Amino acid sequence: MLGCAAMYEIDPTRLDLVAEFRRKPFGRHSAELQRILNRMRSEPFEGHYVLLRDGRFGPWRLAQLGRRPQDPVTPTGHVFASKLEAEWEVFKLRWQRLTGQELRDRDLPPEP
């Protein structure tokens with residue numbers, strides 16, 4: 001049986017929720033955005049995007065998980081100077097994977 005997060009379908013027209021994440025990627029989120037994040041984080045292992053960091057002050061690196069938990073993590077080559085930048089990239093990649101829609105900053109609604 002599938003979990004609740006796996007059954008939740010993301011509405012690709014809800015760019016207001018994307019903008020909410022862009023403005024505040026950390027901390028408390030609206031219930032609707034939290035459902036999206038739960039769905040994104042509950043994807044199967046294979047190809048799941050994750051962030052790695054070399055040491056406490058090292059840059060953030062994007063990687064993908066293998067098919068099984070014991071499989072090696074594969075770095076993609078993308079490196080980020082800040083956690084904020086890295087989290088936004090992971091959100092965009094997961095959004096595209098689940099909705100088929102590419103996210104671009106220019107498509108987001110203006111900040112309130």
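The lining of the largest cavity divides into two nonpolar, two polar and three charged residues. Here Ala, Val, Leu, Ile, Met, Phe, Trp, Tyr, Cys and Pro count as nonpolar, Asp, Glu, Lys and Arg as charged, and the others, Gly among them, as polar. The model is predicted: local features need pLDDT of at least 70, side-chain atom pairs count only at pLDDT 80 or more, and totals for chains, interfaces and linings use all residues. Residues are numbered from 1 along each chain as its sequence is written, and side-chain values use heavy atoms, without hydrogens and water.

The lining residues are Glu43, Gly47, His48, Tyr49, Arg94, Arg97 and Leu98. Helix α4 (residues 83-99) gives the largest share, three residues. The volume of this cavity is about 30 Å³. A search of the whole structure finds one cavity of 30 Å³ or more. A cavity is a set of points, on a 1 Å grid over the protein atoms alone, where a 1.4 Å probe fits but cannot get out; lining residues have an atom within 4 Å of a point. Grid points are joined across faces, edges and corners, and the volume is the space filled by probe spheres set on the points.

The protein has four helices and three strands. Both are DSSP runs numbered from the N terminus: helices are H or I with at least four residues, strands E with at least two. The order from the N terminus is α-α-α-β-β-β-α. The radius of gyration is 15 Å, close to the 13 Å of the globule rule for 112 residues, so the protein is as compact as a globular protein of that length. This radius is taken over C-alpha atoms, and the rule is 2.2 Å times the number of residues to the power 0.38. The C-alpha trace spans about 40 × 40 × 25 Å along its principal axes.

The three strands form an open antiparallel sheet in the order β1-β2-β3. Strands β1 and β3 (74-80) are at the edges with a single partner strand each, so one side of each lacks a neighbour in the sheet. Neighbouring strands are turned by 35° against each other on average, direction ignored. Pairing requires at least two DSSP bridges between two strands.

Five bridges join β1 (residues 49-53) to β2 (residues 60-64). Leu51 stands opposite Leu62 in β2. The hairpin of these strands has six residues between them, and Gly55 takes a positive phi near 75°. Four bridges join β2 to β3. Trp60 has Phe80 of β3 as its bridge partner, and Arg61 stands opposite Val79.

Helix α4 lies across β1, β2 and β3, at about 165° to β1. Contact means heavy atoms within 4.5 Å. Axes are lines fitted to C-alpha atoms, for helices over the stretch in contact, and angles run from 0 to 180 degrees between N-to-C directions.

Definitions and conventions
1 Å grid on protein atoms, 1.4 Å probe; cavity = no way out; pocket = protein on both sides within 12 Å on 5 of 7 lines; lining within 4 Å.
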